[in-house]
Amino acid sequence: MTIPSSGDRPQSPPRYQMYIDGAWTDGRNPARSDVENPANEIVFATVPAGSAEDAVAALEAAKRAQPAWAALPPIVRAGYVADLASAIRREKDRLARTVVLEQGKPLNQAEGEIDAAVTFLTFAAETARRIEGDILPSDFQNEEVWIRRVPFGVVVGLTAWNYPAALAARKIGPALVAGNAIVVKGHESTPLSGLEIARLAHEVGFPKGVLNVVTGDGRVVGDALVRSPLSDMITMTGSVRAGREIYAAGANELKVIRLELGGKAPFIVLDDADLDAAIEAALVSRFTNCGQICTCNERMYLHRSIAEPFLDRFVARVKAMRLADPMTNPDMGPKVNRPEVDKVEEIVNQAIASGAEVLTGGRRLREGEFARGHWFEPTVLRVDTNRANVMQREIFGPVAPVMTVDSFEEALSLANDTSYGLSAYVYTNDLRRVMRLSRELSFGEVYVNRPCGELVQGFHTGWKHSGLGGEDGQYGFDGYLRKQTTYVRW
């Protein structure tokens, strides 16, 4: 299938199919859903509008395949996952272009996303020989206590639209190496990356039913996947709203739920910070992927002594950012869809009406080359209260609200004044301040003197409304295994 360029309007958009039980299918619902290019609103592909019956069919296939898959040695399962990583690496260009077309990030950032997908799969494969258990002494003679890590069974992976390829790989790799089968459903706006990964899994010879990818509306297909007694574990990346709904939907079956949800990351720059590094990190951590990263710099707290020189340089850099067709590697592309850019516009307009000062940007772009698509100017707002909606609500777009603080203690207090707890940034060269962060900053992931971008060997975890459980590293991998205790007497 040819991937069209960003400006192409296909005469007949390619028709993708779902991947269930090792075969391609249109599913039981004859309806189809359009996939739109967010840069120009052109429909460039269609996918099945999957049904609840399709969700059940995928779960049934996974349930049949999982026992034989789990019986394989972990290193054999890892071999399939490593082969998938190699196939993705070989098709990096095609997959990156697919990400650009369905999600809107610049091509070089999409290429970085495909690299991340390869890394997630490779790390999971390398973990196969590190699945550990314990043998403990018993209180009784001629007896031992064995504790094994065993797979859950069937995992449902629900992925967000901001990193459709990387997030799918982030779940597929550890789930499969741990011995589970998996059903993946991408977001309705970005369903193609998961289907492309399924195509490569099919080509490298995955056993049928081990990996299934379905498409459709979250409230239909996603709900069926979560509620079905056939699914044993749900891992989801997405919004707090969706996370709450999934948590509730899984309650009747007491599902194991892992949720990686939204964030409202504070970006604190103190009086002793390296301003050059902090400015660069603030830009990267706010405007990469049009601000559509859960760990993004969502609100800035600048120490009064450095606030003006910081803002002078930061605003100048923001004003110089280039927006254009994401295939041309601009600084920033469009928002992913119309509801998302509507939300950003509403937040900014409300902030301005409440007294926020616009230092740059502040407008939705609708003219000239931006007449079509979902474009919003890179924006910096100065606000004077932490209770402002723009300081409390996740923006998930190219808007940086800024406040001035008088002390480290004030910055920590304002940073913690949120229902979120995913990530936070602190720029300081005072080791005493750094050592206080683990006790006084209530976030699962803290970046000190560096921009966003977690590492695969770390643990990506949110607190409070930012989620349950986590991803990556040994702790994330362990989340795809449950423990079984056996008392052995001889």
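Cys296 is buried, with a relative accessible area of 0%; buried here means under 20% relative accessible area, with exposed over 50% and partly exposed in between (1.4 Å probe, protein chains only). This is a predicted model, where local features need pLDDT of at least 70, side-chain atom pairs count only at pLDDT 80 or more, and totals for chains, interfaces and linings use all residues. Residues are numbered from 1 along each chain as its sequence is written, and side-chain values use heavy atoms, leaving out hydrogens and water.

**Cysteines**

- A disulfide is a pair of cysteine sulfur atoms within 2.5 Å, and by that rule the count is zero.
- Cys296 is in no disulfide, as the nearest cysteine sulfur, that of Cys452, sits 5.8 Å away.
- For Cys294, the closest cysteine sulfur is the one in Cys296, and at 8.3 Å that is too far for a bond.
- Cys294 is buried too, with a relative accessible area of 11%.

**Around Asn180**

- You'll find Asn180 in the loop between helix H5 (164-177) and strand S8 (181-185); helices (H or I, at least four residues) and strands (E, at least two) are DSSP runs, numbered from the N terminus.
- Asn180 is buried, with a relative accessible area of 0%.
- Its side chain reaches the backbone oxygen of Tyr480 at 3.0 Å.
- Setting aside neighbours within four places in sequence, Asn180 is in contact (heavy atoms within 4.5 Å) with residues including Gln66, Trp69, Phe152 and Tyr480.

**Helix H7**

- Helix H7 covers residues 218-227, and its buried residues include Val221, Gly222 and Leu225.
- The buried residues of H7 pack against helix H1 (52-71), strand S7 (154-158), S8, strand S9 (211-214), strand S10 (233-237) and helix H8 (240-249).

**A three-stranded sheet**

- Three strands make an open sheet in the order S5-S6-S24, with antiparallel pairing; two strands pair if DSSP finds at least two bridges between them.
- Strand S5 (134-137) and strand S24 (481-489) are at the edges with a single partner strand each, so one side of each has no neighbour in the sheet.
- Strand S6 (residues 143-151) is joined to S24 by nine bridges, and Val150 stands opposite Arg482 in S24.

Conventions. A polar contact is a pair of N or O atoms within 3.5 Å; within protein, one must be able to donate a hydrogen and the other to accept it, and residues adjacent in sequence count only if both atoms are side-chain atoms.
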